[in-house]
Structure formats: structure tokens, C-alpha cells
Amino acid sequence: MASKTVEAVLFPGIDVRGECVSDSSDVLVVEAVSTARPGRCPDCRKQARRTHSTYQRGLDERPLGSRQVIVRLRVRRYFCDRKSCSRKTFVEQVPGLSERHRRSSAGLTGWLR
């Protein structure tokens, strides 16, 4: 049986790096960080060049057996430097995993069937 990384099992083809997995009797927490290239402003589509800050999003996933699964995803907030754009900052979305205002992942919806 081949050994796989956490990224290969939970996030295949998604630009994230697994940092830590914490296991307790009722909760499995996977901490991950985005490794994607800087995002584009959702309004003007200009690619970001400057990072404003980072923060952690909590994505609640389907249970694994009797345990709740939570993905803590560290994402970056960027500045939009286009003067004509009304948006001054925006948060990156990780394609296949996160979407704006979504509290569970977009890409892991079928991973625990």
C-alpha cells in the first residue's frame, strides 16, 4: 500500500499545504495554508501584488464516522492597487476549496462518502 501525504488525500489538485492534524475523540482538525499565486481583485480583475494580512477561516466538513471534521484554512487578504477600483482589499479564494461566504469547502463535499 502506497503512503500519501495529507494534501494528496484531502486536497488533491488544490493549492494548499497541510500544516497540522489534531485528533481528539470527537473532532478532527486539519490546519492548512494556501500556497496559490496571488489572487485577482473580484471587481477589476487586477492581480494582487501586495499582501494586507492573513487570517484563518474555519470550514466545517462532513463528519468522519462519529467525529466532526474542521479545516482551518489560512488565507491572505490583498490590496487592490488599481486607483479606479472601489475595492481596496479582498480575500483570496482557494479554487476547489473555498468560496466567498461559504462555511464548508467547495471541493471536499464528496470526499467522505
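Two strands are taken as paired if DSSP finds at least two bridges between them, while the strands themselves (E, at least two residues) and the helices (H or I, at least four residues) are DSSP runs numbered from the N terminus. E3 and E4 form a hairpin with two residues between the strands, and in this hairpin Gly65 takes a positive phi near 65 degrees.

The structure is a predicted model, in which local features need pLDDT of at least 70 and side-chain atom pairs count only at pLDDT 80 or more, whereas totals for chains, interfaces and linings use all residues. Residues are numbered from 1 along each chain as its sequence is written, and side-chain values use heavy atoms, with hydrogens and water left out.

Taken as a whole, the protein chain has one helix and five strands, and along the sequence these elements follow the pattern α-β-β-β-β-β.

The covering of the residues can be followed next. A residue is called buried under 20% relative accessible area, exposed over 50%, and partly exposed in between, with a 1.4 Å probe and protein chains only. By this scale E2 is mostly covered, seven of its eight residues being buried, while buried residues make up 33% of the 113 residues in the chain. The accessible surface of the chain comes to about 7200 Å², and 47% of it belongs to carbon and sulfur atoms; these areas come from the Shrake-Rupley method with a 1.4 Å probe, and for residues only the protein chains shown count as cover. Where contact means heavy atoms within 4.5 Å, 52% of the contacts between residues at least 6 apart in sequence join residues at least 24 apart.

Among the side chains, the count comes to one aromatic pair, under a rule by which rings of Phe, Tyr and Trp (its six-membered ring) pair if their centres lie within 6.5 Å, with planes under 30 degrees apart counted as stacked, over 60 as edge-to-face and the rest as tilted. The pair is formed by Tyr78 and Phe90 and is tilted, with 5.7 Å centre to centre and 40 degrees between the planes. It links distant parts of the chain, as Tyr78 lies in strand E4 (residues 67–79) and Phe90 in strand E5 (residues 89–91), twelve residues apart. Both partners are covered: Tyr78 counts as buried at 2% relative accessibility, and Phe90 is buried with a relative accessible area of 3%.

Charged side chains supply a further set of links. A search of the whole structure finds six salt bridges, each defined as a side-chain nitrogen of Lys or Arg within 4 Å of a carboxyl oxygen of Asp or Glu. One of them joins Arg67 to Asp23, with the closest N and O atoms 2.1 Å apart. Because Arg67 lies in strand E4 and Asp23 in strand E1 (residues 16–23), this pair ties together parts that are 44 residues apart in sequence. Arg67 counts as partly exposed at 21% relative accessibility, whereas Asp23, at 54%, counts as exposed.

Another salt bridge joins Arg50 to Asp81, the closest N and O atoms being 2.8 Å apart. Arg50 lies in the loop between strand E2 (27–34) and strand E3 (51–64) and Asp81 in the loop between E4 and E5, so the pair ties together parts that are 31 residues apart in sequence. Arg50 is partly exposed at 42% relative accessibility, and Asp81 is partly exposed at 25%. Arg50 also lies over the face of Phe79, at 4.2 Å from the ring centre, where a charge is said to sit over a ring if NZ of Lys or CZ of Arg is within 6 Å of the ring centre and within 35 degrees of the ring normal.

The loop between E2 and E3 also holds Arg45, which has a positive phi of about 70 degrees although it is not a glycine. Most residues other than glycine have a negative phi. At 48% relative accessibility, Arg45 counts as partly exposed.
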